[in-house]
Amino acid sequence: MTAPFSTVNDYTAARVRGFEASIFAEFTALALQHQAVNLGQGFPNFPAPDFVLEAARRAVAEHHNQYTRYAGHLPLVEALAAQAAQDLGRSIDPLTEIQITAGATASLYTACQAFLDPGDEVILFEPFYDAYPADVTMAGGAPRYVPLHPQADGGWAYDPQALRAAFSPRTKLLLLNTPHNPTGKVFSAAELAEIAALCQQQDVIVLADEVYERMTFDGQPMQRIAALPGMWDRTISIGSAGKTFSVTGWKVGWSIGPAPLIAALRAAYQWITFCVATPLQAGVAAAVALAPAIGYYEEMATMYRRKRDRLGAALAAAGLRPLTPAGAYFIIADTSAFAFPDDFAFCRWLTSEIGVAAIPPGAFYSEPHRHLARHLARFCFCKTDETLDAAARRLAAIPKP
Ligand SMILES: Cc1ncc(COP(=O)(O)O)c(C=O)c1O
C-alpha cells in the first residue's frame, strides 16, 4: 500500500494517524516519472463546455464575489430545486431542502459529522469511493463493508444475505453510490427496493452519492432511491457540478433531502466552510438552468458512451477483459490473463513499463476484502480521444499472455 504521511508524529490526532496518502498521489507521481498516459485519476482533461465557463465569467464580472447564503446561493438552490423536482417527482423547497457544499466530498463529510455518534455503524459497498471510510471514522463511526462481486455478464452484484447481515442495532447510515465508482454499476430498481426496505425496517438514513447521475449508457435508467415510497424522509441525495459539467476544480456540490435532515447538515456545515465560492455557484446555477434546454445531458452521455467503447475495445485487444460499465466514467478490466501477484504490482508495471497509468482497485477495499481486486485494474475514460488513442497504442504493445 501507499506510505503513511511523513507528517505523522506525536502531535497528530488519533483520528488521522492511520491515514495513508491517497493512491492517486503514488500513481500520479509514477505516471509523471514514466511519462505515462494517465488514465488514473477521474477528471476530464478537456475543457468544460463554453456555456458553463461563460456563466462563471459573467458572475465574476457582475460582482457576485462576496459571501453568500450559507445554505447556498439563491439562484443555485432554485435551479437545483426545479431540476430535482423533475428527477424525484415531488416539489422541492429550495430554502429548506437543499444544502450547497464544497463538492460532493464536503456533503459526505458533513453528513457523517451531522448524523454519527461514536460507535454508530455505516454500511458501505466495496469497492468504495476512497473518502467514505475516512469520513465515517473521522466522525467516530465504524464502517461495515458489503462487497460487490463481478458477474459473468460484466455486471456487479452484492450477496443479499451479506447485506442483511451488515445491519445491526448500531447502523445509522447506508452509503449508496449509483452510478458506482469504480465499477460503473447502476443499481437496479429491484436492488434499490431491497435496500430501501432494509433501511426502513432498521430505521437507517441513506446517503445516495449520485455524482455520476447524468452518465448512464445503453438506455440504462438512472434510478433514485429517494423517489421510492417511504424513502424521501430518510434519504440525502448528493450531486456534484464537477462531474456533470467537467469542472472538478470548482468543488460545487449539493445535498438534497427533507428539511429535518438538511437542518442537521446545515448546523454542521455553517462551521465547516460556511459557504461555497459565490461566483462558481452562480455559474453552476446558470448551467443547471440551461442544460436541459440545449440537450447537454444527452450529448454528454453519448460522448461518454463513445469514449467507454473506444477504451473498452483497446483494453480487450490487449487481453485486459473490460467489465463494461453501465454508468460513470471508469472501466474495471480483468487482468487475470497476466501473471502478477496483485493489482498493485500489475498497475505499477503497466504505468512504468507500458506507459499507461491505471489504479489498483484494491485501494478501494477494506483490508480483509482487498484480495477480491487482485486481478482487476481501473481505467478512466473521461479523457480526450487523442489521449485514449495514445493509451490504445501503448496497450497494443503489451506482450500477449
Ligand atoms: C463517487 C464519488 N463521490 C464523490 C466524489 C467527489 O466529488 P467532488 O469532486 O464534487 O467533491 C467523487 C469524485 O471522484 C466520486 O467519484
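1. Gln35 sits in the loop that connects helix 2 (23–33) with strand 1 (37–38). In this predicted model, its phi is near 45 degrees, a positive value in a residue other than glycine. Gln35 is exposed, with a relative accessible area of 65%.

2. Ser246 also has a positive phi, near 55 degrees, and is likewise a residue other than glycine. Its place is the loop between helix 9 (241–244) and strand 9. Ser246 is buried: its relative accessible area is 10%, under the 20% cut-off. Most residues other than glycine have a negative phi, and most peptide bonds are trans.

3. One runs from Glu126 to Pro127, with omega near 5 degrees; Pro127 belongs to the loop between strand 3 (121–126) and helix 6 (131–138). Another runs from Asn181 to Pro182, with omega near 15 degrees. Pro182 is in the loop between strand 6 (171–177) and helix 8 (189–202).

4. The sheet is open and has 8 strands in the order 2-9-8-7-6-3-4-5, with mixed pairing. Strand 2 (98–101) and strand 5 (156–158) are its edges, each pairing on one side only. From one strand to the next, the twist averages 25 degrees.

5. Which residues of strand 9 are buried on each side? Gly253 and Ser255 are buried on one side, Trp254 and Ile256 on the other, and both faces of the strand are covered. In a regular strand the side chains alternate between the two faces of the sheet.

6. Helix 10 (residues 259–269) lies across strand 2, strand 7 (205–209), strand 8 (235–240) and strand 9 (253–256). Relative to strand 2, helix 10 runs at about 30 degrees.

7. Helix 5 (residues 103–115) has 13 residues and spans 19 Å from its first C-alpha to its last, close to the 18 Å expected at 1.5 Å a residue. Its buried residues include Gly103, Ala104, Ser107, Leu108, Ala111, Cys112 and Phe115.

Conventions:
Residues are numbered from 1 along each chain as its sequence is written. This is a predicted model: local features need pLDDT of at least 70, side-chain atom pairs count only at pLDDT 80 or more; totals for chains, interfaces and linings use all residues. Side-chain values use heavy atoms; hydrogens and water are left out. Two strands pair if DSSP finds at least two bridges between them. Helices (H or I, at least four residues) and strands (E, at least two) are DSSP runs, numbered from the N terminus. Axes are lines fitted to C-alpha atoms, for helices over the stretch in contact, and angles run from 0 to 180 degrees between N-to-C directions. Contact means heavy atoms within 4.5 Å. Buried means under 20% relative accessible area, exposed over 50%, partly exposed in between (1.4 Å probe, protein chains only). The expected span of a helix is 1.5 Å times one less than its number of residues.
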